[in-house]
Amino acid sequence: MEQSLQKKPGGSLAALKAVQDSERLALAVSGAGIVAFNWTLADDRILWDGAVDILPGQILQRDRSQGRQLLAGMNSQVRQRFTALIDSRSPETLTFDIDVEMASALGTVWYVFLGSRVPDASGQTERLTGVVREITERKHQIHRLTYLATRDELTGHLNRNSLRAELAEAIATAQSQERHCGFLVFSIDRLAIINDSYGFDAADEVIVAVGERLARSLRTTDVIGRTAGNKFGVILKNCTEGDITVVAERLRAAVRGDVVDTRAGRVAVTSSVGAVWLPGSASSSQEAMLRAEEALERARSHGRDGFTIYHHSELREGARLRLMAVADEVVAALKEDRLVFAYQPIVDAKTREVAEYECLLRMIKPDGTIAPAGHFIPAAEQLGLVRLVDRRALEMAVAALHTNPEINLSVNVSGTTAQDSAFLQSFVEYVKQNSAIANRLVVELTETAALHHFEENARFVSRLREMGCRVAIDDFGAGYTSFRNLQMLRVDKVKIDGSYVAALKSSPENQIFVRTLVDLAKSFNLKTTAEWVGSEEEAALLEGFGVDHFQGFFFGEPKLDPGWKKG
C-alpha cells in the first residue's frame, strides 16, 4: 500500500478515503438498526448491508437474495406496489415508502422499505435501492391509538362516535335489504346516588359491570357502545319491533339480576331503556339516537327500570323540528360571529360601584333581532353544540378583557360542558395562554353540575385558581349542595339563586333561608352575590344580611354596549 501511495498518491488517497467513508457509513447504518439494500433487476439479486439480523432469516441471506422470492413472502397489495415500480417505464427517479408485513420465528414483524427506483437510459427500472427499518413497535402503537380512538376507555366498548358510525351502516343495510333494525339506549338508574353513597371508583365498577352484562346477553351480530357517563347504546340487527321489546326486557333483567360487587360494597342496579325501530322511525343515525333518547326520557319519567319504544307523535315531531331549527341557527351564528355578550353589572353592596360584569350570551338573528340565551342554549345542550358555544364565550370574554384592562368579567360554563374533561382541560390551557387577564376573570359553574362531577370539577377549580382566576357557584340554593362540598371545591363565592331574592320582602321563609346561606358562607370565607335584586328595599335587606354584591335590573340591565367596551 505504501508503494502504491508513492506511485499514485492522489488516486490512492482518494480510494482509501472512499473505503473509509464506506466503512463508516456501513457502521452507522448497522448501529442505527437499519439495513441497506440494492436490488438489481437484470439478475434479480438483492445485496444487503447493515443490521441484517433484523430481517427474517428464512427469506434473506447475508450476501444476496432473489428479489422475486422476497416478493412472494408479501401480501398481494404490497406485491402490486413493488410490481408497479418494477414495471414502470418512467425516465424519472421515483421514491417509495412501503410498509411490509412478514412472518418470522417470533411471529409477525413489520418493516418499512424506503428508497428510490432508478431507471436506465431507456426508462426501464434498473434497480431499487434504499433502506429497511423494523417498525413493529410503531405499528402496535398505531393500532393501540386507533383502538383508543374508537373505544370507550373505561369499558372497552365502542365510543359514541364509533357506535353512531355502526348505526348509520346498520340503517343503510336495512334500507337496501328491505329489513329492519333497532337501536336501544340503556341508562343506569340513579348513578349519581351510587357516586355519592359509594364513591366514584365504585360507580365506575358498576358501569363496567353493566356493560359486561349487556354484552353477554347480546347476539354476536349485535353491537354495543357507551354513549355517555351512565348510558350504553345497543344496535339490534335484522329484528322486528316485537323483538326489540323482548330483548329490552331480557337485557334489563340481566342488569338487575344480581348485585354488583364493588370494593366499596354490594350495589343493586337497575336500568331504564328507550328504543327506536329502524328505518321506519328515523332515517339517519343522528335522528335515531335523538328519538331513542326521547323514548328513554319517557321511560325514566315513570320511575326506575322502565322501557319505552318510540312512536311518532305530531306534537313531539314539531318539538324536534323546532329543536333542529334552533340548532341550525346556533351553527350559523357561530360561523358568522353572531354570538355576542350582553354585560350585566355586579355591584359592591356597600359602595354600589361596579365590581365586575357577567357575560350573558345573546344571538343576533339574521333579521337583526336579539335572541336571549334561553332561546338557543337548551337546544345546543341537547344536540351537543354547547361545547362550541362555551368555547366561543371564553374566547370573547378573554378578548374583551385584553382590550378593556379596567374591567372584570364573569363567564359561565354550562352544566353539559362541566361533564367534559377534555373541554375543561382545553379551557384551562386557553386561560394559561392568556395568563395576563386571569386575575380579572371569574368562572361560574352551576351548583348541580359542579357536584355531580365533583372530582373533575374540583381539579378544574384548583387549576383555575392557581392561575389567578376566581370561581363562583351560580344559582346557589336551587340544589342540595353542602357547604362542606363547597369548601372542598375551594370556590371563591356563591351566587344566591334569584328565586329566593325576588320574593324576599314578602316571604319570611326566604329571608331566613337567605340569611342562613350568607352566615354559612361567611363562616367558610366565601363571598356572596344576590341575584335578581329588583329594588332598594331588597338591597337594604340583603345588605343587612351581609351580602357582598348585588346583581339585578335595579342596578343595571344586560347591555350589548355597556359604555366601556372597546374593539
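The model is predicted, so local features need pLDDT of at least 70 and side-chain atom pairs count only at pLDDT 80 or more, while totals for chains, interfaces and linings use all residues. Residues are numbered from 1 along each chain as its sequence is written, and side-chain values use heavy atoms, with hydrogens and water left out.

**Stop 1: D99 and K139.** Select D99 and K139, whose side chains meet in a salt bridge at 3.1 Å, N to O. A salt bridge here is a side-chain nitrogen of Lys or Arg within 4 Å of a carboxyl oxygen of Asp or Glu. D99 lies in strand β4 (residues 94-104) and K139 in helix α5, so the pair ties together parts that are 40 residues apart in sequence. Helices (H or I, at least four residues) and strands (E, at least two) are DSSP runs, numbered from the N terminus. D99 is partly exposed at 23% relative accessible area, and K139 is partly exposed at 21%. Buried means under 20% relative accessible area, exposed over 50%, and partly exposed in between (1.4 Å probe, protein chains only).

**Stop 2: R266 and D261.** Select R266 and D261 for another salt bridge, at 2.9 Å, N to O. Both residues are exposed.

**Stop 3: helix α10.** Select residues 285-301, which form helix α10. The 17 residues of α10 reach 24 Å from first C-alpha to last, close to the 24 Å expected at 1.5 Å a residue; the expected span is 1.5 Å times one less than the number of residues. In α10, 12 of the 17 residues are buried, among them M289, L290 and L296. Just after α10, G303 takes a positive phi of about 110 degrees.

Stop 4: Select I346 in strand β14; I346 is buried, at 0% relative accessibility.

**Stop 5: R392 and E395.** Select R392 and E395, which form a salt bridge with the closest N and O atoms 3.9 Å apart. They are 3 residues apart in helix α13, and therefore separated by about one helical turn. E395 is partly exposed, at 28% relative accessible area. Elsewhere, salt bridges that share partners join E249, R252, R256 and D305 into one network. The count of salt bridges comes to 29.
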